[in-house]
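Here is a short briefing on a protein model. Take a look at the sequence and the fold before reading on.

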Amino acid sequence: MKFYNTAASRMRGVYLSYVPASSEGGKRKLEARIEEHVMLPALEANDVTVQIKACGLSRIDTKTVLQVVPNVDQIPVGNEISGVITKVGDAVKMFSVGDEVTGILPLDSECPGCAEYCVLPEHFLGGSNH
């Protein structure tokens, strides 16, 4: 996967990561942390960049991701988003820059919904005009 590599594409996002188990044989625990060095994936032809205005959080999202991709070091937080499109790929047909959208991030998304921006395929989004 290609990533943007400019200062303007750097942003903050929230991730969960495992904290080592205690020496008393306890289970590993998840800890939320803000990553300030996240870079957005480069736009593919059918992708859009969304400036996220709101994100829905659910414990079920985390459990689902852990079942689908069980061997991950960190889990992007938030799958349900709303925001404004800031960039569109060359083949995007349904949206334009400035459109307000809502959507659900794919479970294998490297972008957290609880972030400043996210890149995803246009078919994961809906809007008031679509």
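**Strand pairing and overall build**

Strand 3 (residues 47–56) and strand 5 (residues 80–88) pair in the antiparallel sense over 8 bridges. Strands here are DSSP runs of E, at least two residues, and helices are runs of H or I, at least four residues, numbered from the N terminus. Two strands pair if DSSP finds at least two bridges between them. The model is predicted, so local features need pLDDT of at least 70, side-chain atom pairs count only at pLDDT 80 or more, and totals for chains, interfaces and linings use all residues. Residues are numbered from 1 along each chain as its sequence is written, and side-chain values use heavy atoms, leaving out hydrogens and water.

**The sheet**

- C55 has I81 of strand 5 as its bridge partner.
- Five strands form an open sheet in the order 7-3-5-6-8, with antiparallel pairing.
- Strand 7 (117–121) and strand 8 (125–127) stand at the edges with a single partner strand each, so one side of each lacks a neighbour in the sheet.
- On average, neighbouring strands of this sheet are turned by 45° against each other, direction ignored (axes are lines fitted to C-alpha atoms).

**The chain**

- The protein chain holds 1 helix and 8 strands.
- Along the sequence, the pattern reads β-β-β-α-β-β-β-β-β.

**Burial, contacts and surface**

- Of the 130 residues in the protein chain, 38% are buried (under 20% relative accessible area, 1.4 Å probe, protein chains only).
- Among contacts (heavy atoms within 4.5 Å) with a separation of 6 or more, 71% join residues 24 or more positions apart.
- The protein chain exposes about 8,000 Å², by the Shrake-Rupley method with a 1.4 Å probe.

Technical notes
Buried < 20%, exposed > 50% of the residue type's maximum accessible area, 1.4 Å probe, protein only. Axes fitted to C-alpha atoms, helices over the stretch in contact; angles between N-to-C directions.
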